[in-house]
Amino acid sequence: MTPVLLLAAEKKSAEVTDWAARLGWVLGLALFVALVYWLMREGWKWRGTLQGDLPELPSAPERTGAVKLSMSGRYHGSTTAGQWLDRIVAHGLGTRSRAELTLTDAGLDVVRPGASDFFVPAEALREARLDKGIAGKVLTEGGLLVVTWEHGGRLIDSGFRSGHAAEHGDWVTTLNSMIETNSTEGAER
């Protein structure tokens with residue numbers, strides 16, 4: 001046989017793609033992803049149901065006094081105090097969002113566009129510190145402002161990050177001195 005005929009005899013056509021099998025795999029993967037998202041959503045709703053005993057969040061009073069500090073940044077969520085992975089989702093506290101914080105003599109006002117706002121009265125504030133993480137967000141050491149407050153008999157840690165991280169130190173100092181002053185005045189009464 002001539003070399004040309006040998007080459008022609010050895011060549012085979014490409015295999016035809018089995019589109020039914022390929023579409024079946026794609027559809028199966030899409031259904032699996034949808035199932036996982038549905039299960040995550042149900043888990044989120046179940047967590048909210050378990051935390052249903054948490055009372056409604058207070059809103060800011062009409063008169064709050066002079067502004068001590070204000071900050072623009074992000075709200076990263078709230079957890080049970082001391083348990084940085086136990087996220088609280090009741091009343092929208094689990095929703096990450098942009099936030100505008102304002103500290104006055106009356107307390108801490110948290111305004112969140114696209115999510116429910118809340119107010120922490122001065123007497124409910126317990127501690128402020130710099131930390132590295134809260135459920136769903138881990139940063140460098142001291143990159144997160146964590147405010148501990150009491151609501152409905154439960155201690156809550158709420159995590160915030162300023163657009164300018166250098167502000168965090170002032171917030172910790174001011175909040176802790178305000179908390180100390182309030183606890184001293186409360187003990188004298």
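## Salt bridges, ring pairs and a surface patch

Arg-126 and Glu-150 make a salt bridge, with their closest N and O atoms 2.6 Å apart. Arg-126 belongs to strand β6 (residues 125-131) and Glu-150 to strand β9 (residues 144-151), so this pair ties together parts that are 24 residues apart in sequence. A salt bridge here is a side-chain nitrogen of Lys or Arg within 4 Å of a carboxyl oxygen of Asp or Glu. Keep in mind that this is a predicted model: local features need pLDDT of at least 70, side-chain atom pairs count only at pLDDT 80 or more, and totals for chains, interfaces and linings use all residues. Residues are numbered from 1 along each chain as its sequence is written, and side-chain values use heavy atoms, with hydrogens and water left out.

**The overall layout**

- The protein has 3 helices and 10 strands; these are DSSP runs numbered from the N terminus, with helices (H or I) needing at least four residues and strands (E) at least two.
- Starting at the N terminus, the order of elements is α-α-β-β-β-β-β-β-β-β-β-β-α.
- Of the 189 residues, 32% count as buried; buried means under 20% relative accessible area, exposed means over 50%, and partly exposed is in between (1.4 Å probe, protein chains only).
- If you take the contacts (heavy atoms within 4.5 Å) with a separation of 6 or more, residues 24 or more positions apart account for 62% of them.

**More on the salt bridges**

- A search of the whole structure turns up 8 salt bridges.
- Back to the opening pair: Arg-126 is partly exposed, at 37% relative accessible area, and Glu-150 is partly exposed too, at 32%.
- Arg-154 pairs with Asp-53 in a salt bridge whose closest N and O atoms are 3.1 Å apart.
- That pair links distant parts of the chain, 101 residues apart: Arg-154 is in strand β10, while Asp-53 is in the loop between α2 and β1.
- Arg-154 is partly exposed at 21%, whereas Asp-53 counts as exposed at 56% relative accessibility.
- Arg-129 and Glu-127 form another salt bridge, with 3.8 Å between the closest N and O atoms.
- Salt bridges with shared partners join Glu-127, Arg-129, Asp-131 and Asp-157 into one network.

**Rings that pair up**

- There are 3 aromatic pairs in the structure; rings of Phe, Tyr and Trp (its six-membered ring) pair if their centres lie within 6.5 Å, and planes under 30 degrees apart count as stacked, over 60 as edge-to-face and the rest as tilted.
- Tyr-75 and Phe-118 are an edge-to-face pair, 5.8 Å centre to centre with 70° between the planes.
- This pair bridges distant parts of the chain, as Tyr-75 is in strand β1 (residues 67-80) and Phe-118 is in strand β5 (residues 118-121), 43 residues apart.
- Tyr-75 also pairs with Phe-160, this time in a tilted arrangement: 5.5 Å centre to centre, 50° between the planes.
- Phe-160 is in strand β10 (residues 154-162) and Tyr-75 in strand β1, so the pair ties together parts 85 residues apart in sequence.
- Tyr-75 is buried at 0% relative accessible area, and Phe-160 is buried at 1%.

**On the surface**

- The protein exposes about 11900 Å², and carbon and sulfur atoms supply 59% of that; the areas come from the Shrake-Rupley method with a 1.4 Å probe, and for residues only the protein chains shown count as cover.
- A nonpolar patch of about 920 Å² is built from Leu-29, Phe-32, Val-33, Leu-35, Val-36, Tyr-37, Trp-38, Leu-39 and Met-40.
- Patches are made of residues with over 30% relative accessible area and no salt bridge: like charges are joined within 9 Å, and nonpolar side chains (Val, Leu, Ile, Met, Phe, Trp, Tyr) within 5 Å.
- Leu-39, one of the patch residues, lies in helix α2 (residues 19-50) and is partly exposed at 48%.

**Two residues to look up**

- His-91 has a positive phi of about 60° even though it isn't a glycine.
- Most residues other than glycine have a negative phi.
- You'll find His-91 in the loop between β2 (87-88) and β3 (97-104), partly exposed at 27% relative accessible area.
- Thr-104, in strand β3, is buried at 3%.
- Leaving out residues up to four places away in sequence, Thr-104 touches Thr-64, Gly-65, Ala-66, Val-67, Lys-68 and Met-178.
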